[in-house]
Amino acid sequence: MSIHRLPPEVADAIAAGEVVERPASVVKELVENALDAGARRVSVEIRGAGRSLIRVADDGAGIPNGELALAFLRHATSKVASLADLEAISSLGFRGEALASIAAVADVECRSSGARIRIRAGQVLEEGAAPAAGTSVEVRDLFANTPARLKFLKSEATETAACLRILSAYALLYPSVRFEALVEGRAALATPGDGDPLRALGAVHGPAVAAEMVAAGNEAPGAAPRVFGFVSQPRLSRGNRDGILLAVNGRPVASRPLGYALEECFSGSLERGRYPVALLQVELDPALVDVNVHPAKREVRFRDEGAVFAALQRAVRAALSGAEAYRLPVAASAPAPTRAATLPELHVARPQIESEPGLAAAGPAGLLRPLGQVMDGYLVAEGPDGLVLVDQHAAHERVLYNLFLRRLAGRPPTVQPLLIPIQLDVGPEQAAAAADHQAELSALGFELEEFGSRTLRVTAAPAETAVGRIAEAADDLLATLARARPDDARRTAAASLACHSAVRFGDRLDAAEQRRLLEELEAADDAVTCPHGRPTRLVVEWQELKRHFRRNY
Ligand code: ADP
Ligand code: MG
């Protein structure tokens, strides 16, 4: 093919691809425009996971009469004019690309300041008058002309959840703006817009979470970054980072260093794999941060990252030192039976190891003769080839992983009904995963009921999961399913549940349990490693013992 300039519709679709990855990108851009226009009220309607309809209406300043068509041209913006403006951006938008990009891949109708325009796949179809206050943008048939993009969309529930997630982020960052969202005709989010960030937090995460938040902030001298917001007390935590929202100058950002700065403040008070809920805003001179580094403006670059990192940690540490103290228990050398009783709520009696009927080779059974447990973490056994040390957590994980995989392939689960259902506050992506993966969840033994838009009730759980660990197991399972690739969902779900259900290092096992675990490990496929690939056992061969003790006969 000779070199040629691309026709405008192709060039536009390419450019649009950078800005509009999925329905949630449309929601983000339109909400940003509403906020830039000074809206006090933003209402959003989503149908068909954003593919049928995304409608964002605001009561902001509006697009001046006669400029409506202009607003849809690429690089047409009212927010920056010169290169110098780019150095210190104070609005959310600045590239003048969003409306053009959306109109390139959808059917868009916009009404503002008495005028109306309809554009489809980049072509203006209609222009006219429309008496209405504020601005409304209706986007229909998203990606109808870019089938490749359609193929990359996840399930409806996941795409809807992503839309709600970005909307929730702005609702949290702009508590004096009233946000309302209708999803498939049902109210999915409503913030009071009264300027109280804790009430916005309550509307997004539920009142129970809002009640556990402590204010974090620092008054920064001079040009130093200012930090303000809320973090959860360590007794509230989640199995994923979905509850963490970091923002820079009013813009939600994905920043590894800032995320790390936050998480580091919780090390020692949260177990590995547990994360806080946090809403933290960094405010600094716009000249000290570059927001023009990512197509969807998700990432930012700081002139002095260290200063921001330090300011955030100072604010969070000060907040936590005022919060109720909570420390992970130091491994005690006292006998185990009393330990469960003295642990804080998060640490619970360990699961029992019980064989599934007919599963383990139960005869005079087993090639491994149990000799005992050391360090409350390793089983010692005599095997045919040598002395065997078994990592009890890794071994149990392997056994349960295989079992859960069999259940996902159709073997009926052993279920424990919960007399008192466990209430679970979940993020939108987890709620979506619960709806999407009902079949897998019930195959594993979970029964979940919707109990409000962000709350689930667990009414039954796999028999293998200790009652006190059901909440964290379900929480992590839903987060795992939300992230999983469709072809990998079963494997990762089984691994997540196995990890939460297995005995842990520090759990003391009685002789019968030791024997059962060894038997099940021997009967298990792929018993050499746990599902994460770590070894389950170490064999010290008899030959090696002999050699060591110089018994050369
Ligand atoms: P950007 O936000 O980067 O300027 P957009 O393509 O999103 O680019 O919007 C182009 C222009 O249209 C904006 O600069 C703004 O002047 C106008 N505009 C878009 N949406 C709204 C709205 N909801 N209210 C008022 N003006 C708007
Ligand atoms: Mg914009």
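Colleague: Hi! Which side chain has an N or O atom 2.5 Å from an oxygen atom of ligand 1?
Modeller: That's S78, in this predicted model.

Colleague: Nice. How much of ligand 1 does the protein bury?
Modeller: Taken alone, ligand 1 exposes 530 Å², and 92% of that is buried by the protein.

Colleague: Which backbone atoms come up to the ligand's oxygens?
Modeller: R95 has a backbone N or O atom 3.0 Å from an oxygen atom of ligand 1. For A98, a backbone N or O atom lies 3.2 Å from an oxygen atom of ligand 1.

Colleague: And how many residues surround ligand 1?
Modeller: There are 18 around ligand 1, with N33, T77, S78, K79 and G96 the closest. By type, the shell holds seven nonpolar, seven polar and four charged residues.

Colleague: Switching topic: what span should helix α1 have, and what is the distance between its ends?
Modeller: Helix α1 covers residues 8-19, so its 12 residues at 1.5 Å each should span 16 Å. The end C-alpha atoms of α1 are 17 Å apart, which agrees.

Colleague: Which residues of α1 are buried?
Modeller: Those are A15, A16, G17 and V19.

Colleague: What covers them?
Modeller: The cover over the buried residues of α1 includes α2 (23-36), α5 (98-104) and α6 (147-151).

Colleague: Last one, on the whole chain: how many helices and strands?
Modeller: The chain has 19 helices and 22 strands. Its C-alpha trace spans about 95 × 55 × 55 Å along the principal axes, and 50% of its 553 residues count as buried.

Conventions
Residues are numbered from 1 along each chain as its sequence is written. Chains are lettered from A and ligands numbered from 1 in the order in which they are written. This is a predicted model: local features need pLDDT of at least 70, side-chain atom pairs count only at pLDDT 80 or more; totals for chains, interfaces and linings use all residues. Side-chain values use heavy atoms; hydrogens and water are left out. Helices (H or I, at least four residues) and strands (E, at least two) are DSSP runs, numbered from the N terminus. The expected span of a helix is 1.5 Å times one less than its number of residues. Buried means under 20% relative accessible area, exposed over 50%, partly exposed in between (1.4 Å probe, protein chains only). Contact means heavy atoms within 4.5 Å. A residue is near a molecule or strand if one of its heavy atoms lies within 4 Å of it. A polar contact is a pair of N or O atoms within 3.5 Å; within protein, one must be able to donate a hydrogen and the other to accept it, and residues adjacent in sequence count only if both atoms are side-chain atoms. Accessible areas come from the Shrake-Rupley method with a 1.4 Å probe; for residues, only the protein chains shown count as cover. Ala, Val, Leu, Ile, Met, Phe, Trp, Tyr, Cys and Pro count as nonpolar, Asp, Glu, Lys and Arg as charged, and the others, Gly among them, as polar.
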